[in-house]
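Let's take a friendly walk through a ligand site and the parts of the protein that build it. Have the viewer ready, and we will go step by step.

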Amino acid sequence: MHVSIVGSGYVGTTVAACLADLGHDVTNVDVDEDIVAAINDGESPIHEPGLADLVAEHAGDTLRATTDYDAVRETDVTFLALPTPSEADGAIDLAYMEAGAASLGEALAEKDDDHLVVVKSTVVPGSTEEVVAPAIEEASGKTAGEGFHVAMNPEFLRMGTAVEDFLDPQKVVFGAREPAAYDTLGDVFAPLVAESDAAVVETGLREAEMIKYANNGFLAAKVSLINDIGNICKEFDVDAYEVADAIALDDRIGGKFLRSGLGWGGSCFPKDTNAIIAAARDAGYEPPVLEAAVEVNDLQPERLLGLLDERADVAGERVAVLGLSFKPGTDDVRKTRAVPVIEGLQERGAEVVAYDPVATESFDEHYPDIEVEYADSAAEALEGARAAVAVTDWDEFAALDSEFDAMATPLVLDGRHIIERRDGIEYVGLTW
Ligand SMILES: NC(=O)c1ccc[n+]([C@@H]2O[C@H](COP(=O)([O-])OP(=O)(O)OC[C@H]3O[C@@H](n4cnc5c(N)ncnc54)[C@H](O)[C@@H]3O)[C@@H](O)[C@H]2O)c1
Ligand SMILES: O=c1ccn([C@@H]2O[C@H](COP(=O)(O)OP(=O)(O)O[C@H]3O[C@H](CO)[C@@H](O)[C@H](O)[C@H]3O)[C@@H](O)[C@H]2O)c(=O)[nH]1
């Protein structure tokens, strides 16, 4: 099939390269000329394991990119993989969706055949029908359901495992209101469904939109619940990780997303929990559990700093921060817990020296106002430090050992249960 994908960021590039790999002919449309040039040169504009190889293999053949929306007319279906950031109050900002839908509508005005427009971005219930479809109608002069059709196909891939997650999902969700839209989506995903064990969920547009928020909200709340339990464990000197391992044996609970610690960051959980809370409030419902999930998450960095305060005054002292990315395996630093930790340390007068295996550069670019010294290794960060704080659970931190001997005082606060307790360090876990 001929598929176009508007927006070529994390999701758009991954989906485009994977669909090309599954045998489709794919065109990426993006306003960013550098991204377009990179893809056409066979280079991935983002770092994801396996993605560079797929782009290199298919670019110039069944994968191409352009800044020209007219290219969508040569395709049967267009996925919108545009950003859906937050307004200041946490509510969803649909400006990129509206702009992209308007440009798409202008291009579709001159297309005679039917076209399916699929919202891939995470949007609150009602957005596809009430915002995206009307913007296309206005720009194209066509009517949704006649000249073009809309569908919603939420994406569940994770950063760091995007290609693997997209190609081997547990479910694919098709939201639509006409059988023809399910059929077209079915054709796009047929090779993927054939090669994986994915369940196909055919549902309504609003249900598809809500499934994405329910998925992320549930997982975010699960982490906050284990953090709440972990905080109780800490008060009673109970090993929170043994407790988690034991409750995980009950398959109604399961073992995933049960690691207590500094909580969740990244480009999705913070944005999406706030967006669905704001949408629910706007509709007249205050969701207490999701609100509490956010509150627990916001408090974890303060709790860790409180444990530090009980043991040391770090004013004028060097403190090592181990890890800057929001989770291991990525250089993404959006909403990383490193920010409240570093800011809290600096408020206490500490001189922060930070180390991350891959995210130093992106942290420096993303947070130009946060001034820290960057180290080239964990050993260098630890040298002469009064205390160390582990923020990201990179594997290499688990292997640290004699490096702690070079600290001024070997006080180690572990926000991720990643540092091995050993003789010679004063180990303080956040939840155990
Ligand atoms: N990143 C993830 O892990 C992930 C996973 C699932 C769902 N999502 C959702 O997918 C959506 C996209 O997220 P992302 O992380 O890929 O965003 P991103 O910021 O990485 O990429 C968005 C791309 O859209 C382009 N763009 C902006 N305006 C445009 C326009 N008018 N026309 C064409 N291109 C335009 C930008 O240049 C950029 O390349 C969001 O709704 C997000 O919540 C993200
Ligand atoms: O037991 C756990 C599991 C995760 N986390 C934290 O939770 C955050 C999110 O982790 P993860 O879900 O692996 O990363 P994302 O790439 O943000 O992926 C989430 O957000 C995406 C965007 O919506 C969805 O597509 C994915 O399904 C969803 O897992 C990170 O800060 C983790 O450190 C914990 O603290 N404890």
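**Around ligand 2**

In this predicted model, a side-chain N or O atom of K212 sits 2.8 Å from an oxygen atom of ligand 2. The backbone takes part as well: a polar backbone atom of L258 lies 3.3 Å from an oxygen atom of ligand 2, and a backbone N or O atom of G265 is 3.0 Å from an oxygen atom of the ligand. Taken alone, ligand 2 would expose 700 Å², and the protein buries 90% of that.

Now step back to the surroundings. There are 20 residues around ligand 2, and those that come nearest are F156, L157, K212, N216 and C268. Sorted by class, the shell holds 10 nonpolar, 3 polar and 7 charged residues. Where do these residues come from? Domain 1 (2-203) and domain 2 (204-431) each supply at least three residues to the shell around ligand 2.

Looking at the secondary structure, α8 (205-235) and α10 (269-282) are the elements that give two or more residues to the shell. Of the elements, α8 gives the most, with 3 residues.

How far apart should its ends be? At 1.5 Å a residue, the 31 residues of α8 should span 45 Å, and because its end C-alpha atoms are 45 Å apart, the model agrees with that expectation. Carry on just past α8 and you reach D237, which takes a positive phi of about 55°.

How values were computed:
Residues numbered from 1 in each chain as written. Chains lettered and ligands numbered in written order. Predicted model: local features only at pLDDT ≥ 70, side-chain atom pairs only at ≥ 80, totals over all residues. Heavy atoms only, no water. Near = heavy atom within 4 Å. Polar contact = N/O pair within 3.5 Å; in protein donor to acceptor, adjacent residues only side chain to side chain. Areas by Shrake-Rupley, 256 points an atom, 1.4 Å probe, with all protein chains shown as cover. Helix = DSSP H or I, 4+ residues; strand = E, 2+ residues; numbered from the N terminus. Nonpolar A, V, L, I, M, F, W, Y, C, P; charged D, E, K, R; others polar. Domains from an automatic or database assignment. Expected span 1.5 Å × (residues − 1).
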